[in-house]
Amino acid sequence: MISQAHFDRILSSLNLSSGSSVLLAVSGGVDSMVMACLFSHSAIKCRLAIAHCNFHLRGADSDSDEALVREYAGTQGVIFKKKDFCTKEYAASKGLSIEMAARELRYSWFEEVCQRDGYVAVAVAHNQNDNAETLILNMLRGCGIGGATGMRLSSKVPVKGAGTVLLRPMLEFSRKDIYEYAVSQGIKWHEDKTNADSAYKRNLIRNEIFPLFEKLNPAFLSTLSKDMANYAQAQRAADEWSDRIKEYSVTKRTDGGIAIGISKLREHHAWEYFIFSFLTERGFGAAVIEDLVKRLHSGGNIAGKHFFSSEYSLSVSSNELIISHKHSGEPLGAFLIPCPGEYEIAGRKFSVVVTAYSENMPLRQPEGTVALDAGKIGFPLKVRSWREGDWMCPLGVRTQFGGLGRKKLQDIFTDLKFSIADKANALLLQFPDSENASHVAAILCSRIDETVKITPETCEIIRISEAY
């Protein structure tokens, strides 16, 4: 049962107060129209705007939905924002289903509007039925406990790097509750005719599976909601346990990657859950993770195996799983660092600082940091990818006659036990205006060339540190 007082209590629990700025995602369907009405009549007077997406998928019906939402915003004196999308073209260009394309488009736009116009949150009208449908879909895909926790009242907009809060204030109400409230309040809405088309998986669950569930348990929505709350508690406990394994088994590498010690990992019970959780967060699919876990269980030698997600590569050595950021796969031609500051290069973040040198300074640098004589390599610094033929004179290496010991980077990578992915992602600091472009000054942030080392004559140093 929906009441204004109940809705206002939910808003308070979401830390909304009078004056909070909220963007309402309103499609014209019954769920979002009821949400807009409840926000408009709330005792918590938020600064509201209504956002409507016209995906142009249903011809005149799409335009009619837009007109309905625009009219409602006008009667309430609420700012109306809308965006037209060429959804089919976008889906085709990205190789996505229409549903996933529409999802990407709307959330990216919501994030853009909130960041541009100063809204702290965007509210969507997901309800109890939507949550149950998501649970079933996730379980059918193979989701683990994380996918069985359902949607939360508050999260982040599902866009990479998003800072906007995503609110779901209707999540405690069933679709039946929402329909009855709309009728009782005389709220206008439009029915999306495609909701009756069971060719879509979500519609199939809604139209054909849930009626069977209701026959088995008339209160199945409430039961599933309680189950999801219990799964969420179990997830929190599992995450705390997983964090302890992470502290013990995971180390950061100087090349920006992450290493998981296999022997340390397998000392823990249910290490498979940690692997599933850790790799899922980094975009590895369930089939890839299952294959890796099977290979680890086999006890055989799997060194040299490689696994990939959209953003990361995973390489297996004799005793470690090495996870590295992928970049485009194209060699980094040249990235110029014009002055000290913070930089992101090929997905890795670096801090570049210049400081005066004194004899009391320790020469040994922390892991992930290199320090060079600023007088021997000045700005702009040039960073690029590794190329065949690159070489350096590693610090401390001498020939039998006492000269500088020249060594190919390929051999240095081998000494450092770099995987194929490590080598592909390696970033090099090149000497400016060098007559020999293959002579590099440093491997960021791991090794430096003998010719740029700090000496008693050094006045200033350039310190480059990688941020993990």
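Where does C445 lie? I located C445 in the loop between β20 (440-444) and β21 (447-448); strands here are DSSP E runs of at least two residues and helices H or I runs of at least four, numbered from the N terminus. I then examined the bond between L444 and C445 and found a cis peptide with omega about -20°.

I noted that this is a predicted model, in which local features need pLDDT of at least 70 and side-chain atom pairs count only at pLDDT 80 or more, while totals for chains, interfaces and linings use all residues. Residues are numbered from 1 along each chain as its sequence is written, and side-chain values use heavy atoms, without hydrogens or water.

I looked up a further cis bond, from F379 to P380, with omega near 0°. P380 sits in the loop between β15 (369-373) and β16 (381-385).

I checked phi at N15, which is not a glycine, and read a positive value of about 65°. N15 belongs to the loop between α1 and β1 and is exposed at 68% relative accessibility (exposed is over 50%, buried under 20%, partly exposed in between; 1.4 Å probe, protein chains only). K417, also not a glycine, has a positive phi near 60°; K417 is exposed too, at 66%.

I turned to helices α6 (residues 128-141) and α9 (residues 201-216), whose axes come within 10 Å and cross at roughly 100°. Axes are lines fitted to C-alpha atoms over the stretch in contact, with angles from 0 to 180 degrees between N-to-C directions. I therefore recorded α6 as roughly perpendicular to α9 (65 to 115 degrees).

Definitions and conventions. Parallel < 35°, antiparallel > 145°, perpendicular 65-115°, else oblique.
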